[in-house]
Amino acid sequence: ACGQADLVLLAVPYDGHDDLVASLPLAGKVVISCVNPWAFDTRGAHGQVIDGGEGSAAESAQRLQPDAT
């Protein structure tokens with residue numbers, strides 16, 4: 001489906017996000033990310049710190065797919 005789309009909406013769990021994004025044909029596509037790096041454990045739901053607190057899932061997707069917008 002990604003190969004045929006002009007716009008791709010990422011709305012997946014953060015676990016495995018980078019592997020999934022790297023595998024998709026997103027070059028030349030507009031990508032909208034709704035992904036939030038949440039963790040679930042004995043404390044309940046809480047945000048994960050990624051990239052030392054200096055990044056987001058959307059920024060990670062952009063680094064992995066620099067030819068997407």
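I set the accessibility classes before anything else: buried is under 20% relative accessible area, exposed is over 50%, and partly exposed lies in between, with a 1.4 Å probe and protein chains only. The model is predicted, so to speak of local features I need pLDDT of at least 70, and side-chain atom pairs count only at pLDDT 80 or more, while totals for chains, interfaces and linings use all residues. Residues are numbered from 1 along each chain as its sequence is written, and side-chain values use heavy atoms, without hydrogens and water.

**Cysteines.** I took Cys-2 to start. Cys-2 counts as buried because its relative accessibility is 17%. Cys-34 has 44%, so I logged Cys-34 as partly exposed. I then looked for disulfides, meaning pairs of cysteine sulfur atoms within 2.5 Å. I found 0.

An unreviewed UniProt entry places "domain: Pyrroline-5-carboxylate reductase catalytic N-terminal" at residues 2-37. I note that such annotations may be inferred rather than shown by experiment. Over residues 2-37 I read 19% helix and 22% strand. The end C-alpha atoms there are 22 Å apart.

**Helix H2.** Helices are DSSP runs of H or I with at least four residues, strands are E runs of at least two, and both are numbered from the N terminus. H2 spans residues 57-64, and its buried residues are Ala-57, Ser-60 and Ala-61. They line one face of H2, because they fall within an arc of 100° seen down its axis. I took that arc from the directions between the helix axis and the C-beta atoms. The cover over these buried residues includes strand S1 (7-10) and helix H1 (17-23), with contact meaning heavy atoms within 4.5 Å.
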